[in-house]
Amino acid sequence: MGFTNLKLPEFKICTFALGHSCSNLYQELEAQGLIYSKEKLGYFVAENPAQAALAKKVIVNEKIEINSLVFRYLKSIQSEKIVPLGSAFPDSQLLYSPKLMQTLTQQAKYRVGYEQMPSLPPGNYQLRKLIAQRYCMQGISTDPSDIVITSGGLDALNLSLRAMTQSGDYILLQETIFYGAWQAAENLGLKVITIPEHPEHGLDLEAFKKAISSYPIKVCLLMLNSHNPIGFTVSDEIKFELAKLLHQHEIYLIEDDVYEELYYDQKKPLSMKYYDQQNLVLHCSSFSKTLGAGFRIGWVYAGKFSEHVQHLQLMSTISVNSFIQNALVDYLSHRHYEKHLKELRTTLKHRKNQYYQYLNKHLPDNCIVNYYPSGYFLWVTLPEGMDSIHIYEKMIQNDVGIAPSLLFYSKNKKQNHIRINCSFEMSDIVTQALDLLIEQI
């Protein structure tokens with residue numbers, strides 16, 4: 001193989017006849033972070049290819065194949081007889097606020113709750129106004145026209161990615177992240193660059209800098225508050241530095257912030273939108289984790305991308321349930337939501353502490369239970385060499401669900417982590433399920 005004609009500003013790799021072995025070599029070089037490809041343009045030399053640390057920290061995922069795995073997993077845990085420690089949603093007994101259900105009943109008596117036109121993109125104006133007010137309360141200047149109501153948080157993420165990318169584009173994800181992000185990348189034919197989590201700060205800024213300097217990354221998709229599955233919240237200082245880098249390199253960020261309200265401290269953590277002075281951040285969130293998955297109401301702060309997102313929405317989900325939107329307007333207007341959130345946070349904090357103490361006491365010393373003060377997940381590091389898929393299979397045979405790490409990061413990594421949902425009351429059934437997990441480990 002001969003490399004010729006290296007030209008500035010990008011160093012393109014020009015070759016003669018491209019054989020099968022040469023193609024494999026390109027894929028290996030790209031996986032190591034030494035080169036990158038552009039659709040219909042060929043391969044280019046990555047900036048600073050000699051940095052060995054970059055090859056170790058930043059990973060290229062050329063082809064994502066996770067949809068079938070996620071489908072099989074979700075099918076396996078959907079039975080009512082399964083103890084749902086692998087569920088992504090909080091205990092439904094904590095959601096579906098009685099006041100909200102009462103509001104739904106009242107709304108059902110009025111025809112306005114069934115009107116369809118107000119539910120077309122961008123969604124109910126009054127609901128968008130109330131959401132905009134919540135941003136303003138955090139110091140984020142927001143107009144209702146910036147908001148597009150979506151069918152849940154995952155719909156917001158998918159619409160945002162579709163609005164900002166094309167097949168073959170590079171996007172950046174955290175090495176460990178909610179499987180919906182991987183699914184979206186697979187569906188859209190995107191190439192994924194991943195950066196590892198920082199053991200102290202959550203986000204590895206140095207790896208982020210290297211990645212955006214070495215690859216033509218179109219957009220980043222990050223979860224920075226109450227991260228799923230690990231649980232950390234990135235500090236304001238790191239978010240500020242991240243915002244500066246996005247501005248400097250003119251890179252867009254889609255922020256998955258569906259757990260933003262499930263913090264334990266007195267002060268709500270800031271979103272990246274707070275630091276966004278250049279309209280580079282699309283902020284996605286949802287009521288699914290606080291009011292109930294069945295409502296399927298989310299939103300994206302799309303800003304200048306609002307029109308594009310709406311057009312894409314009309315070609316896919318079309319509109320969001322008008323009846324539910326009207327009920328939410330009534331519910332949020334009377335401040336029932338704040339009381340509900342306070343009670344929800346208190347209960348989740350108590351239950352998560354219970355699970356943490358129980359597992360920390362009974363698991364072997366070579367297991368690490370990673371605890372962070374937010375949300376309702378515990379991320380457990382299993383002993384070296386142990387396969388979380390094996391543990392999951394043993395547990396599901398006994399009607400207990402857990403979430404193995406293969407759902408959250410590359411299959412090339414060591415699969416020795418599991419995610420546990422701690423939102424359920426520590427009943428005898430749950431305690432027995434945890435004992436079974438401890439026994440299997």
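Is F287 buried or exposed, and what is its relative accessible area? F287 is buried, with a relative accessible area of 3%; buried here means under 20%, exposed over 50%, and partly exposed in between, using a 1.4 Å probe and protein chains only.

1. A word on the model before the details. This is a predicted model, in which local features need pLDDT of at least 70 and side-chain atom pairs count only at pLDDT 80 or more, while totals for chains, interfaces and linings use all residues. Residues are numbered from 1 along each chain as its sequence is written, and side-chain values use heavy atoms, with hydrogens and water left out.

2. Let's start with the sheet. Eight strands, in an open arrangement with mixed pairing, follow the order β4-β7-β6-β10-β11-β12-β13-β5. The edges are β4 (59–61) and β5 (147–150), each pairing on one side only. From one strand to the next the twist averages 20°. Strands are DSSP runs of E with at least two residues, helices are runs of H or I with at least four, and both are numbered from the N terminus; two strands pair if DSSP finds at least two bridges between them.

3. For a closer look at one pairing, take β6 (residues 170–174) and β7 (residues 191–195): these strands run parallel and are joined by 5 bridges. Within this pairing, Q174 stands opposite I195 in β7.

4. Helix α10 (residues 306–314) packs on the sheet, where it touches β5 and β13 (298–301), and its direction makes about 20° with that of β5. Contact means heavy atoms within 4.5 Å; axes are lines fitted to C-alpha atoms, for helices over the stretch in contact, with angles from 0 to 180 degrees between N-to-C directions.

5. On to the rings. The whole structure holds 18 aromatic pairs, counted when ring centres of Phe, Tyr and Trp (its six-membered ring) lie within 6.5 Å; planes under 30 degrees apart are stacked, over 60 edge-to-face, and the rest tilted. One of them is the edge-to-face pair of Y252 and F305, at 5.3 Å centre to centre and 85° between the planes. Y252 belongs to strand β11 (residues 252–256) and F305 to the loop between β13 and α10, so this pair links parts of the chain 53 residues apart. F305 is buried, at 15% relative accessible area.

6. The opening residue returns here: F287 and W299 form a tilted pair, 5.1 Å centre to centre with 50° between the planes. F287 sits in the loop between β12 (281–286) and β13, W299 in strand β13, 12 residues apart. W299 is buried too, with a relative accessible area of 6%.

7. Elsewhere, F178, Y179, W379 and F408 form one aromatic cluster. Two lysines also meet rings: K352 lies over the face of Y371, 5.3 Å from the ring centre, and the charged end of K413 sits over the ring of Y409, 4.4 Å from its centre. The criterion is NZ of Lys or CZ of Arg within 6 Å of the ring centre and within 35 degrees of the ring normal.

8. Most residues other than glycine have a negative phi, and most peptide bonds are trans. The bond from N228 to P229 is cis, with omega near 20°, and P229 is in the loop between β10 (217–222) and α9 (236–249). S226 lies in the loop between β10 and α9; its phi is positive, about 50°, although it is not a glycine, and S226 is buried at 5% relative accessible area.
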